[in-house]
Amino acid sequence: MPVFLFLIIGMIVAASIAFIVAIFSFTIWSDLKGAPFVKSRKDRIETMLELAEIKPGTRVLELGSGDATLLIAAAQRGAYAQGVEINPLLAWYSRKKIKRAGMEKQIRIVRQNFYECSLAETKPDAVFLYLLPGTLKKLREKLYAELPPGTRIISNAFRIEGLIPVAQENNVYAYHLS
Ligand SMILES: C[S@@+](CC[C@H](N)C(=O)[O-])C[C@H]1O[C@@H](n2cnc3c(N)ncnc32)[C@H](O)[C@@H]1O
């Protein structure tokens with residue numbers, strides 16, 4: 001085999017291994033920080049948008065926004081949306097998806113740990129969460145401390161310990177901050 005071909009194959013293999021290691025470590029990192037990446041199901045997304053009462057002009061914040069599928073669905077209903085995502089690969093991929101959908105003016109992705117971001121800055125009417133129960137419990141204090149009464153909190157799959165939902169449907173829980 002010619003040397004240059006050997007080098008090229010070696011470089012491709014090394015780059016692939018580096019890519020796989022990066023994805024693997026970012027996934028473990030996200031998991032340790034709050035929750036692994038698992039997409040919300042399509043039917044649950046519909047329920048979440050309905051319980052959040054998304055209308056044109058609604059301001060939405062998603063903590064742990066994954067690949068931005070929910071934010072794009074909210075923006076298609078006229079919402080202004082911001083996602084906070086700790087995984088740099090997901091944040092990069094989300095921005096690509098948003099650009100492809102032509103929604104850069106409506107959706108913003110912040111690559112950050114949601115425990116460290118200011119929730120009040122975006123003045124959200126609704127906050128979306130799909131996180132593990134322990135993470136939801138830790139976030140509860142922050143939600144109450146930084147957001148005004150009436151803010152709608154929508155949690156996919158898991159209840160927020162210590163709060164009573166105002167509605168629940170299809171394993172999605174809606175809360176109104178008091
Ligand atoms: C279960 S996934 C939900 C993804 C998306 N919200 C959805 O419903 O399809 C949780 C997401 O939260 C992100 N995440 C976990 N801990 C985080 C943290 N401390 N700050 C920001 N994002 C975090 C993960 O990287 C992952 O994308």
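Which domains does the domain assignment of the chain give? I found domain 1 (1-33) and domain 2 (42-176), with bounds that come from an automatic or database domain assignment. The C-alpha centres of domain 1 and domain 2 lie 32 Å apart.

I noted that this is a predicted model, in which local features need pLDDT of at least 70 and side-chain atom pairs count only at pLDDT 80 or more, while totals for chains, interfaces and linings use all residues. Residues are numbered from 1 along each chain as its sequence is written.

I then looked up the sheet, taking helices (H or I, at least four residues) and strands (E, at least two) as DSSP runs numbered from the N terminus, and counting two strands as paired if DSSP finds at least two bridges between them. Seven strands form an open sheet with mixed pairing, in the order E3-E2-E1-E4-E5-E7-E6. Strand E3 (107-111) and E6 stand at the edges with a single partner strand each, so one side of each is left without a neighbour in the sheet. Strand E1 (residues 59-63) and E4 run parallel and are joined by four bridges, and Val60 stands opposite Ala126 in E4.

Last, I turned to helix H2 (residues 42-51), whose buried residues (20 or more other C-beta atoms within 10 Å of a residue's own, C-beta atoms being placed from the backbone) are Ile45, Thr47, Met48, Leu49 and Leu51. These buried residues pack against helix H3 (69-76) and against strands E4 (126-129), E5 (152-156), E6 (167-169) and E7 (172-176). Just after H2, I found Glu53 with a positive phi of about 55°.

Definitions and conventions: Buried ≥ 20, exposed ≤ 12 C-beta atoms within 10 Å, placed from the backbone. Contact = placed C-beta atoms within 7 Å.
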